[in-house]
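Colleague: I have not worked with this structure before. Please show me how to read some of its features.

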Amino acid sequence: MSNKKQQIVFTPRDIIKANIIEKDIDIDADWFKDCETEILHVISATAKFRLISLSSSILLDGKLSFRIRYLCSRCGHDFDEDITENLSEEYGIDNDIDLLPLFQEVLVLNYPMKALCPRCKTKHT
């Protein structure tokens, strides 16, 4: 398997030159292996975003979507759930912009305290 990744690292110089860079990418689910747990597995991830050159910074604006497979903490069955989060971050122009840490953070912040499948949620609410 190749370690080559799709481009999610951007140089401010390229963004400033283009003024706006728009991307719509499918992200390799393997990039999130470090964030997975025994009850959570990333099936797919996509990002649609714009990097916009401002006077002294770069603005990231877009959406990040995941399809996650969870293991229900009550019944033990697998179930899938879709998560979509809006992205809005501002970066300085001194360093390259690597979006992978942000994408991983969004995934981690969406971890449920207790993963419950739809059937268990309706039985115990």
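Modeller: Start with aromatic rings: those of Phe, Tyr and Trp (its six-membered ring) pair if their centres lie within 6.5 Å, and planes under 30 degrees apart count as stacked, over 60 as edge-to-face and the rest as tilted. Here Phe10, Phe49 and Phe103 form one aromatic cluster. The model is predicted: local features need pLDDT of at least 70, side-chain atom pairs count only at pLDDT 80 or more, and totals for chains, interfaces and linings use all residues. Residues are numbered from 1 along each chain as its sequence is written, and side-chain values use heavy atoms, without hydrogens and water.

Colleague: How many aromatic pairs does a search of the whole structure find?

Modeller: A pair of aromatic rings is described by the distance of the centres and the angle of the planes. The search finds four pairs. One of them, phenylalanine 32 with phenylalanine 66, is edge-to-face, at 5.3 Å centre to centre and 80° between the planes.

Colleague: Are phenylalanine 32 and phenylalanine 66 buried or exposed?

Modeller: Buried means under 20% relative accessible area, exposed over 50%, partly exposed in between (1.4 Å probe, protein chains only). Both phenylalanine 32 and phenylalanine 66 are buried.

Colleague: In which sense do strands E4 and E5 pair?

Modeller: Helices (H or I, at least four residues) and strands (E, at least two) are DSSP runs, numbered from the N terminus. Two strands pair if DSSP finds at least two bridges between them. E4 (residues 58-71) and E5 (residues 78-91) pair in the antiparallel sense, over 14 bridges. Leucine 60 stands opposite glutamate 89 in E5.
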